[in-house]
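I opened a notebook for this structure. The entries below record what I looked up.

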Amino acid sequence: MKMKVAVWTGTVLCAILLAFNTFIYLTLNHRLIAVEESSLTNQVESVAQYQASHLDDEGHKQHSWTPATGFWLNEAVRQGEQLVLLNPQGKILVQAGTTDLTPNQIKTNFHPSPSLSPAAQVDTWHIAHKVYLTAIVAVTNESQSHLLGYALLISNAAGVHTYMNTLLVVLIIGSIGAVLLATVAGYLVSALAVRPINQMIALVSRIEASNLDERVEVPRGKDEVARLAATFNRMLVRIGRSFEQQTRFVADASHEIRTPLTTIQGYAGLLKRWGKDDPQVLAKAIDVINRESQRLQELTEDLLTLAGLEATVKQTSYWVHPDTVIQDVIEEMRPLHPELHFVTHLETEHAIQVPPVHFKQIMHNLINNAVKYTPAEGEVNVKTKNGPGWVEMTVTDTGKGIPKADLPLIFERFYRVDKARGRKEGGTGLGLAIVKELVDLHEGILRVKSVLGQGTTFTLRFPVAEGKDKENRPLA
Ligand code: ADP
């Protein structure tokens with residue numbers, strides 16, 4: 001990762017610099033040559049003017065020309081320049097200054113222009129892999145009617161070449177330095193950025209059930225890495241919590257299973273020793289073993305239900321008519337509990353989006369609790385009503401109620417308000433946990449209200465299954 005970022009930074013910068021430097025080099029070269037050409041033009045034009053005026057001062061005939069020589073011509077050329085005066089046929093008359101061109105090379109490349117204009121013309125000569133800048137102007141008499149010859153100024157453009165070579169070296173060294181620096185900086189910055197990620201990788205490979213308390217260091221700021229580290233820590237908290245719950249669940253479950261098993265074992269021992277001779281012991285032992293094995297069976301069934309719930313795939317094609325199911329559950333309970341009054345107000349025609357088997361389990365658990373915790377002559381009241389988009393079910397009893405402090409805890413697995421009371425009455429402590437998980441699974445709402453000594457009301461809401469009002473699906 002670090003190496004990748006470094007290589008990419010270097011490569012991209014290299015490409016950018018290459019394009020940028022080429023642009024600078026070409027533009028500057030073009031500009032300098034233009035300046036050089038304009039300077040040559042000025043020089044050669046003033047030489048031509050001088051020659052013309054000099055001629056007149058000397059009083060020569062205006063159709064022939066002997067160029068003025070001497071100090072002034074040498075003054076007109078700079079280093080690396082060569083000034084050549086030629087007659088109209090291209091014969092060299094006078095020279096001042098030097099380049100490394102021979103008179104022959106000059107003659108071969110010299111092409112006089114037919115124009116008598118006092119404006120110089122520039123040209124570039126490529127001779128033996130070298131470039132020469134030239135400016136040529138016609139020398140005429142003052143009225144510009146008669147061509148006397150030509151003034152040619154040649155420059156080997158040494159200044160431009162030296163300048164451009166220096167620039168090239170500076171650009172190359174500067175670019176290499178910049179690319180190296182950027183690559184190193186890219187490496188260091190990415191090393192800094194991936195440090196928390198490396199920490200996470202190290203932590204993840206270290207983490208086991210025993211050290212879920214460890215946390216990644218969250219870097220300051222709100223960037224992606226900081227958010228990832230914070231999210232990762234939150235995930236660890238959640239995993240830790242669910243791991244704790246699982247451990248507690250296994251411990252509770254084995255405890256719950258061990259209790260009836262111990263009782264069964266104890267009474268089986270009694271039976272073995274005294275059972276044959278003492279009919280009272282025999283009857284008691286059979287009774288207890290029967291009750292406890294029934295409890296074990298219920299417990300196993302509830303545990304299996306809970307384990308299975310997590311794997312349940314939610315399918316929206318399931319739906320059920322609540323009133324029918326509630327009616328069924330009440331009819332099953334009524335003959336078993338003639339000491340209680342069952343009252344129903346079932347007013348909904350709507351179907352709800354819950355698998356029938358799940359809805360029956362929910363209602364069975366709630367009504368069964370109402371029955372279990374309500375004394376004789378008490379009332380168990382079940383109502384249904386319609387709302388906009390939902391159906392509400394309430395199960396109310398006139399039983400002993402639940403203390404306020406216990407209300408938030410009754411949906412936890414194995415929680416019983418009164419442990420001793422619960423076991424004696426045969427509850428597994430899993431009924432409401434199953435109800436809660438099923439309600440959550442099908443996006444329902446579950447509320448409980450209770451007044452100690454007066455009774456308890458469980459309220460349930462489920463979304464309506466659209467378009468299924470009149471039909472009913474048989475219970476699966
Ligand atoms: P249990 O198998 O013990 O009934 P549940 O999960 O169904 O387990 O209920 C948890 C606890 O909540 C019960 O032990 C009981 O103390 C209390 N409880 C549940 N329903 C009622 C109710 N209708 N009236 C009074 N107490 C209730």
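I took a salt bridge as a side-chain nitrogen of Lys or Arg within 4 Å of a carboxyl oxygen of Asp or Glu. By that rule the structure holds 11 salt bridges.

I noted that this is a predicted model, where local features need pLDDT of at least 70, side-chain atom pairs count only at pLDDT 80 or more, and totals for chains, interfaces and linings use all residues. Residues are numbered from 1 along each chain as its sequence is written, and side-chain values use heavy atoms, with hydrogens and water left out.

I looked up the secondary structure and found 10 helices and 10 strands (DSSP runs numbered from the N terminus: helices are H or I, at least four residues; strands are E, at least two).

I then checked burial (buried is under 20% relative accessible area, exposed over 50%, partly exposed in between, with a 1.4 Å probe and protein chains only). Of the 476 residues of the chain, 37% are buried.

I turned to E392. Which residues does E392 meet in salt bridges? One is K385, at 3.7 Å from N to O; another is R461, at 2.9 Å. E392 lies in strand 8 (residues 390–397) and R461 in strand 10 (residues 455–463), 69 residues apart, so the pair links distant parts of the chain. E392 counts as buried, at 12% relative accessibility. K385 is partly exposed at 41%, and R461 is partly exposed at 29%.

Next I looked at E81, whose salt bridge with R78 has its closest N and O atoms 2.6 Å apart. E81 is buried at 1% relative accessibility, whereas R78 is partly exposed at 42%.
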